[in-house]
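Dear colleague,

I am passing on the structure we spoke about, and below it I have set out what was found in it. Please read the notes with the structure open beside them.

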Amino acid sequence: MALYMVTGGAGFIGSHMVEELVRRGESVRILDNLSTGREANLAAVKGKIDFRHADIRDLASIRPLFAGVDYVIHLAALASVARSMEDPVETTLVNLNGTLHVFLAAREANVKRVVMAATAAAYGDDPALPRVETQTPQPLSPYALTKLAGEYYGQIFYRSFGQEIVALRFFNIFGPRQDPQSPYTGVLSKFIVTYLRGTTPTIFGDGEQSRDFTYVANVVDATLRACLAPAAPGKVINVGTGKSSTLNQTITLLNTIFGLQVKPQYGPPRMGDVRHSTADISLARATLGYEPLVSFEEGLRRTVDSLRTALAEA
Ligand code: NAD
Ligand code: UD1
């Protein structure tokens with residue numbers, strides 16, 4: 001049994017990661033300041049985890065929490081492109097300074113490996129699709145830039161200090177517990193809530209932008225593989241499904257799932273947006289033995305069911 005530290009463990013992806021680690025019998029310590037995460041996300045593992053309310057912007061206060069940790073899964077961040085356009089300073093303090101603090105604390109505590117959540121947003125609008133890790137990054141938002149800079153810090157720590165760090169470029173992750181209330185949440189959560197409430201979804205732009213929508217169980221699997229895979233340290237690896245859908249296609253699919261004929265409204269395109277995004281997952285297959293477990297459609301059905309229950313209970 002190993003001790004895993006999950007930063008951002010009370011968030012959407014983090015809470016799924018923690019549940020799976022607990023299911024596998026591992027020990028879990030969570031570091032989270034509950035800024036976008038919620039303790040309610042951890043209801044299923046209450047009493048089985050070591051929760052520490054702490055802020056990655058404060059190096060001195062997080063240092064002692066890394067004692068005895070074997071693996072760090074670093075997810076704590078402000079995860080929204082739109083939010084980073086509105087407040088680039090806050091996004092930089094959390095995502096870049098905070099990530100450096102996590103790497104420093106991990107190194108001082110002799111942590112075996114850190115796996116960090118990087119992002120597909122780093123590719124920007126390079127016309128070449130699917131996205132391959134060897135493409136030159138073109139960040140279009142402060143969010144993408146902070147995450148890319150975190151990757152580079154990871155490579156410096158690996159090359160210079162031998163600290164094992166893996167950066168996983170998550171594509172668009174969705175699933176249960178992706179905060180349905182936040183204006184900064186993922187588009188599918190926002191759309192599903194409009195279906196459940198009988199309101200109209202808004203598409204920013206013409207709806208022909210595409211994303212590699214990836215169900216959360218897939219990214220949990222890839223991340224836990226990355227903690228142990230011998231060839232992973234020092235690498236930047238895409239985690240997606242290898243397929244993408246436009247926003248207009250997601251509305252068509254939701255209409256089928258709900259048996260409705262909803263017509264979205266269209267608003268101005270969002271600043272900092274990427275146009276198209278599809279992952280090449282060859283490296284994840286080769287390095288991690290990763291294969292997507294849950295398809296987009298199956299994941300969407302599970303997310304609809306979960307949000308329906310959550311809204312009925314609220
Ligand atoms: P989330 O907002 O649900 O989770 C982020 C967690 O980090 C929250 O629990 C929050 O309280 C915590 N946090 C924020 N600032 C903190 C701070 N200063 N100190 C300590 N904790 C702090 O978002 P998510 O979608 O679960 O994203 C998790 C990670 O995955 C992020 O790093 C994000 O950038 C990355 N990512 C997400 C996606 C996606 O599609 N959701 C895609 C690519 C990368
Ligand atoms: C998402 C993640 C980001 C991650 C990136 C990786 C969230 C909140 N953001 O960013 O953390 O690094 O994927 O690819 O999970 N849109 C609408 N209507 C809405 C909301 C959004 O049309 O009501 C559009 C946006 O303009 C965008 C697309 O939907 O074109 C996706 O937006 P969003 O879900 O915010 O994700 P990304 O910006 O792709």
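Around ligand 1 there are 29 residues, of which Asp32, Thr36, Leu75, Tyr143 and Lys147 come nearest, where a residue is near if one of its heavy atoms lies within 4 Å of the molecule. This is a predicted model, in which local features need pLDDT of at least 70 and side-chain atom pairs count only at pLDDT 80 or more, while totals for chains, interfaces and linings use all residues. Residues are numbered from 1 along each chain as its sequence is written, chains are lettered from A and ligands numbered from 1 in the order in which they are written, and side-chain values use heavy atoms, with hydrogens and water left out.

By class, the shell around ligand 1 comprises 17 nonpolar, eight polar and four charged residues, with Tyr and Cys counted as nonpolar and Gly as polar. The backbone takes part as well: an N or O atom of the Ile13 backbone lies 2.8 Å from an oxygen atom of the ligand, a polar backbone atom of Leu75 is 2.8 Å from an oxygen atom of ligand 1, and a backbone N or O atom of Ile56 lies 3.0 Å from a nitrogen atom of ligand 1. The protein covers 93% of the 830 Å² of accessible area (Shrake-Rupley method, 1.4 Å probe) that ligand 1 has on its own.

Ile156 is found in helix α5 (a DSSP run of H or I, at least four residues), and at 44% relative accessibility it counts as partly exposed, that is, between the limits of under 20% for buried and over 50% for exposed.

Best regards

How values were computed:
A polar contact is a pair of N or O atoms within 3.5 Å; within protein, one must be able to donate a hydrogen and the other to accept it, and residues adjacent in sequence count only if both atoms are side-chain atoms. Helices (H or I, at least four residues) and strands (E, at least two) are DSSP runs, numbered from the N terminus. Buried means under 20% relative accessible area, exposed over 50%, partly exposed in between (1.4 Å probe, protein chains only).
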